[in-house]
Amino acid sequence: MILLVLIASILIAGVTIYQYNEEARDYHKGRLERKEQAIISDIDYVIKETTYLVETEKVPLIFKDEIYRIAEIHSLRINLYDLDGTLLITSKASFTNDSISQCIDTNVLNEISNTAEHRFVEKIQKNGETFQSSYRYIVDSKSKPLAILNLPYLENDDFLNKELDEFLERLAYAYLFMMLIAIILALLLSKYITRTLKTIADKINETRLEKRNKKIDIASSSEEISTLINSYNSMIDELEESAVKLATSEREQAWREMAKQVAHEIKNPLTPMRLSVQSFQRKFNPDDENIHQKVDEYSQTLIQQIDTMSSIASAFSNFAKMPAQKNETLNVTNIVKLGLDIFSEDYIIFSSEDEDIVANFDRTQLIRVVTNLVKNGIQAIPEDKENPRIEVKVTSENDMVKITVEDNGVGITEENKPLIFEPKFTTKTSGMGLGLAMVKNIVETYKGNITFTSQQGDGTTFSVTFPKL
């Protein structure tokens with residue numbers, strides 16, 4: 001209530017000040033225009049009745065006496081300049097070079113000549129006062145520019161400011177009275193309503209799952225408050241009964257989730273290890289001149305996957321998360337190639353726009369991302385598919401690295417697209433559906449992003465982007 005009254009008073013005061021300022025601005029603008037039109041009419045009359053030749057050089061003679069009369073009638077000083085901006089005559093009886101400008105500024109002359117009305121109003125702040133200086137052509141009977149009329153106009157807001165101050169003062173008294181009423185009502189209502197509720201609130205704030213909670217005992221209260229107290233006391237009884245069950249259930253659930261995650265993580269390196277051994281068994285040739293190099297490559301792949309399993313096992317034994325992610329400066333092209341070496345499918349095609357694309361990433365995690373995406377692509381291609389194809393590309397876009405894995409498998413249905421990165425979601429008969437969720441988590445840890453496009457029956461493309469540094 002107090003805040004509403006305060007906001008209302010501030011808003012109304014602000015709107016009032018704004019409205020008064022707008023009215024003052026419109027008032028001075030309209031008043032200057034009216035005076036200007038009236039003075040132009042008098043000037044036109046003088047030009048019409050003069051016996052002098054109507055030309056710019058004769059303006060001081062034409063208005064020698066008339067300019068004082070016109071200025072006195074309209075209570076406004078009048079300056080007349082020639083078309084080049086030089087002062088010809090002024091209504092001020094005596095003046096110095098400092099008090100009246102002898103020449104009009106070039107920018108003002110340009111504004112007068114370039115506007116359709118041949119008129120320009122300049123606003124000046126001087127000694128804490130605001131002046132409007134109006135410039136306009138005066139013309140002869142043939143509408144030919146004769147001179148430039150300048151009317152300095154002082155914006156006197158004393159009357160409007162006085163009215164505004166009086167109104168704001170009355171408004172302040174009214175809202176001060178309303179504020180006092182609001183404070184009194186707020187105090188009375190809050191004490192009446194919250195007296196019992198405060199006791200209940202204190203008990204609720206003290207309620208904890210891990211300790212025994214006391215029931216609320218209030219002798220006299222309204223029917224609504226009694227219902228609330230009874231509900232709270234019943235909740236305390238139920239809470240005590242379910243606390244042990246909840247704790248047990250949470251521990252079991254946590255163990256189940258951890259076991260599923262660890263099993264999935266261990267299964268990932270086992271599959272490529274098995275494929276590597278089978279590939280080595282099929283292609284082993286003792287007479288091959290490169291046999292030692294191939295043995296080293298197979299050994300390196302197996303050792304790397306064993307190291308991954310070892311780190312997972314260590315983390316599990318210490319009740320921690322998956323292996324800690326490290327920032328290593330590595331060649332993404334080489335690491336992706338290394339990750340693809342474990343696959344024996346000849347339809348996996350790798351390409352890179354550059355042999356050296358360097359970024360900060362965890363080597364093990366990057367291999368895990370690539371192998372998961374490629375394995376998903378292999379599983380998405382039916383066994384009877386003609387010309388199966390998986391394309392893996394590494395590109396560099398400004399400060400980002402982009403890895404795309406494109407397959408021509410069965411694609412993803414529209415209803416499954418929103419769920420594709422959800423943990424435990426899978427469309428396969430085996431697996432726990434943690435692969436893509438894990439990939440997304442790894443990529444986002446390195447401030448990257450993973451997206452996909454898919455057309456059912458045509459295939460799917462996964463795009464992984466992450467910053468180089």
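**View 1. Ring cluster of Phe361, Tyr446 and Phe466.** In this predicted model, Phe361, Tyr446 and Phe466 are joined into a cluster by ring pairs. The structure holds five aromatic pairs. In the pair formed by Phe361 and Phe466, the ring centres are 4.7 Å apart and the planes make an angle of 55°, a tilted arrangement. Phe361 belongs to strand S8 (residues 358-361) and Phe466 to strand S12 (residues 459-467), so this pair ties together parts that are 105 residues apart in sequence. Phe361 is buried, its relative accessible area being 1%. Phe466 also has a relative accessibility of 1% and counts as buried.

**View 2. Aromatic pair of Phe452 and Phe462.** The rings of Phe452 and Phe462 form a tilted pair, with 5.6 Å from centre to centre and 35° between the planes. Phe452 lies in strand S11 (residues 449-455) and Phe462 in strand S12, so the pair ties together parts that are 10 residues apart in sequence. Phe462 has a relative accessible area of 6%; because buried means under 20%, Phe462 falls in that class.

**View 3. The five-stranded sheet.** Five strands make up an open sheet with mixed pairing, and their order is S7-S9-S10-S12-S11. Strand S7 (348-352) and S11 are the edge strands, each pairing on one side only. On average, neighbouring strands of the sheet are turned by 15° against each other, direction ignored.

**View 4. Pairing of S7 with S9.** Edge strand S7 and strand S9 (residues 390-397) pair in the parallel sense, and five bridges connect them. Phe350 stands opposite Val392, a residue of S9.

**View 5. Helix H9 on the sheet.** Helix H9 (residues 363-380) lies across S7, S9, strand S10 (400-407), S11 and S12. The direction of H9 is at about 20° to that of S10. In the order of the sheet, S10 stands between S9 and S12.

**View 6. Helix H10 on the sheet.** Helix H10 (residues 435-445) packs on the sheet and touches S11 and S12. The direction of H10 makes about 140° with that of S11. S11 is an edge strand and contains Phe452. S12, the other strand touched by H10, contains Phe462 and Phe466.

Notes: Residues numbered from 1 in each chain as written. Predicted model: local features only at pLDDT ≥ 70, side-chain atom pairs only at ≥ 80, totals over all residues. Heavy atoms only, no water. Phe/Tyr/Trp six-rings, centres within 6.5 Å; stacked < 30°, edge-to-face > 60°. Helix = DSSP H or I, 4+ residues; strand = E, 2+ residues; numbered from the N terminus. Buried < 20%, exposed > 50% of the residue type's maximum accessible area, 1.4 Å probe, protein only. Pairing = 2+ DSSP bridges. Axes fitted to C-alpha atoms, helices over the stretch in contact; angles between N-to-C directions. Contact = heavy atoms within 4.5 Å.
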